[in-house]
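Here is a quick briefing on a protein model, written for someone new to reading structures. Have a look at the picture first, then work through the notes below.

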Amino acid sequence: MAATEEPEIAEASLKDAENKPIPIRLMLYPDALLVQKQEWISVQLDEEDEVFLNMVREVEITREPGAGFGLCVKGGAEHRLPVLISRLIKNEAADRCGQLLVGDAILRVNGVNVESCTHDEVVSLLKEVSEDTVSLSVRHFRPASYFLNKGNEARDGPCSAKQDVLLASLPRLEKEWLTALTIPLLYARISRYICGSDKIREDSFDIVGVDGSKSGPIYFSEKTSMLSYYQKISAKTQSLLSQMIQMTNQLMTKEDHIHLMGWAHQKLPHEQDWQSWREKFLALKAADVYLFDVPPMHSSDWSKCEMKFKVYECMLKLLKDTELPDSRQHCCSILTGTKEIICLSVDSRAELLALEKAWYKASNLAVQRLLSKTFGCTWQDHLSGLILDLEQGFSLYDHQTKSILWSYRFAQLKSSSDDGQSKLTLNFIKDASKQVETQVIECSDLQTLIYCIHSFLSAKLSTVDPTFLGNH
């Protein structure tokens with residue numbers, strides 16, 4: 001964590017088990033979010049005060065005839081605690097002696113050791129004292145004094161000189177902001193959606209670190225404050241990811257570069273229990289699109305993905321509002337050659353557009369390196385191969401005669417259609433006559449072929465018009 005940079009601080013709250021707000025303070029650093037809570041802490045004492053509080057003190061209490069000693073006790077052996085002075089009744093004998101403190105443990109009563117006695121045994125022993133004076137051996141029990149002295153730090157009325165000295169030595173309690181949770185921002189995911197659902201929170205978000213640290217829903221008093229801080233965290237997580245991509249790419253060949261990484265949510269095909277969406281880490285690297293449960297932080301992790309497809313054998317489709325599966329916004333579908341439909345949601349329009357731009361960049365670069373791809377097919381009952389070539393366009397190769405039966409440039413393709421099974425119809429315009437020539441082929445891998453044609457056309461356009469990529 002960058003200690004030299006001042007954090008961006010915000011006041012917020014969490015909810016306890018009874019749904020009551022717990023005040024927290026957020027401290028946003030370039031690489032981590034600190035969640036702080038207010039805790040009671042004891043102020044550091046001087047060495048002399050430490051010695052004083054640890055010593056055994058002999059105290060005599062003298063009461064008025066017929067009166068009590070004016071103290072209350074708690075604890076006892078049955079609670080695995082010493083018997084503790086929990087209260088000094090104002091202006092009565094124990095209070096007037098000026099030598100006792102709330103939180104003192106009673107060790108002996110008139111010389112009788114009571115360290116292993118129960119609460120009732122010590123109370124009975126005090127009640128049985130017939131004289132007007134009782135001798136107590138006491139030592140301050142600091143762990144209990146932190147709790148017993150809350151509210152007893154300021155005393156009403158005058159104190160004796162001895163009591164002033166005692167109170168000055170008493171451990172003081174102060175509230176301070178202490179860090180309860182540190183969430184690393186690299187690979188962290190932040191979302192306003194309730195986990196696993198399409199329900200968005202209006203006044204809160206949560207953040208989960210790659211190390212498993214979880215904030216829980218963080219609430220703000222105003223939506224504008226929440227959105228502002230949410231965007232600041234999002235910007236820092238994205239900045240860290242961008243830096244990680246740059247550093248990783250420096251260690252790899254250009255052909256293997258990472259184009260994009262980030263969190264998304266995948267729509268489950270059938271709602272499982274309470275979940276309809278599941279977090280997935282999306283990456284575009286070289287010619288492939290990856291989906292992970294856990295981000296790839298080492299080179300060996302890239303082989304542990306849940307799904308992997310060639311980008312040029314798939315199609316990315318941004319969903320319109322009428323096509324959204326539920327209330328989640330900013331959705332897209334990855335249509336694969338195996339007819340799988342992977343529906344993903346990201347948290348902002350900007351993320352969706354960045355994904356689209358990176359997708360076309362990855363696909364176009366992959367096709368430019370691939371240059372050509374051949375699909376086995378049949379044409380007029382001839383066993384053939386349809387060649388997609390970035391420079392030449394479409395060509396049909398006859399396996400029996402080892403010759404090219406026909407060829408067209410990509411620019412000559414006027415339209416296409418398919419039967420959804422295996423048959424693809426391609427309509428081409430002849431240059432000279434402007435007549436339309438129709439070629440019908442059958443391919444068992446029809447869907448992949450269609451997506452590859454789309455990718456080759458896109459890559460060809462990007463080489464003709466360099467602004468194509470920048471406009472996506």
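Predicted model: local features only at pLDDT ≥ 70, side-chain atom pairs only at ≥ 80, totals over all residues.

Residues are numbered from 1 along each chain as its sequence is written, and side-chain values use heavy atoms, with hydrogens and water left out.

**More on α7 and α8**

- Helix α7 covers residues 349-370 and helix α8 covers residues 446-464; their axes come within 9 Å and cross at roughly 90 degrees. Such axes are lines fitted to C-alpha atoms, for helices over the stretch in contact, and the angles run from 0 to 180 degrees between N-to-C directions.
- Which residues of α7 meet α8? They are Tyr360, Ser363, Asn364, Val367, Gln368 and Leu370, and on the α8 side the partners are His454, Ser455, Phe456, Ser458, Ala459, Ser462 and Thr463. Contact here means heavy atoms within 4.5 Å.
- Sorted by class, this contact of α7 with α8 has five nonpolar, eight polar and no charged residues. For the classes, Ala, Val, Leu, Ile, Met, Phe, Trp, Tyr, Cys and Pro count as nonpolar, Asp, Glu, Lys and Arg as charged, and the others, Gly among them, as polar.
- Threonine 448 also sits in helix α8. At 7% relative accessibility, threonine 448 counts as buried (buried is under 20% relative accessible area, exposed is over 50%, partly exposed is in between, with a 1.4 Å probe and protein chains only).
- Leaving aside neighbours within four places in sequence, threonine 448 touches Glu313, Gly337 and Phe375.

**The whole protein**

- The protein has nine helices and 27 strands. Helices (H or I, at least four residues) and strands (E, at least two) are DSSP runs, numbered from the N terminus.
- Of the 472 residues in the protein, 44% are buried.
- Take the contacts in the protein with a separation of 6 or more: residues 24 or more positions apart account for 55% of them.
- The protein exposes about 25000 Å², and carbon and sulfur atoms supply 50% of it.

**Residues in strands**

- Leucine 136 is part of strand β9, residues 133-140. With 1% relative accessibility, leucine 136 counts as buried.
- How many residues apart in sequence are leucine 136 and isoleucine 61? They are 75 residues apart, yet 7.9 Å apart in space, C-alpha to C-alpha.
- Beyond neighbours within four places in sequence, the contacts of leucine 136 include Ile61, Leu71, Ile106 and Leu126.
- Histidine 259 belongs to strand β14, residues 258-272. A polar atom of the histidine 259 side chain lies 3.4 Å from the backbone oxygen of alanine 286.

**Residues in loops**

- Aspartate 198 is in the loop between β11 (189-191) and β12 (204-208). Is aspartate 198 buried or exposed? At 12% relative accessibility, aspartate 198 counts as buried.
- The side chain of aspartate 198 makes a polar contact with the side chain of lysine 199, at 2.9 Å. A polar contact is a pair of N or O atoms within 3.5 Å; within protein, one must be able to donate a hydrogen and the other to accept it, and residues adjacent in sequence count only if both atoms are side-chain atoms.
- The backbone nitrogen of serine 327 lies 2.9 Å from a polar atom of the aspartate 198 side chain.
- Tyrosine 187 is in the loop between β10 (173-184) and β11, and has a positive phi of about 70 degrees although it is not a glycine. At 5% relative accessibility, tyrosine 187 counts as buried.
- Leucine 371 is in the loop between α7 and β21 (372-379), and has a positive phi of about 70 degrees although it is not a glycine. At 45% relative accessibility, leucine 371 counts as partly exposed.
- Glutamine 380 is found in the loop between β21 and β22 (382-389), and at 56% relative accessibility glutamine 380 counts as exposed.

How values were computed
Areas by Shrake-Rupley, 256 points an atom, 1.4 Å probe, with all protein chains shown as cover.
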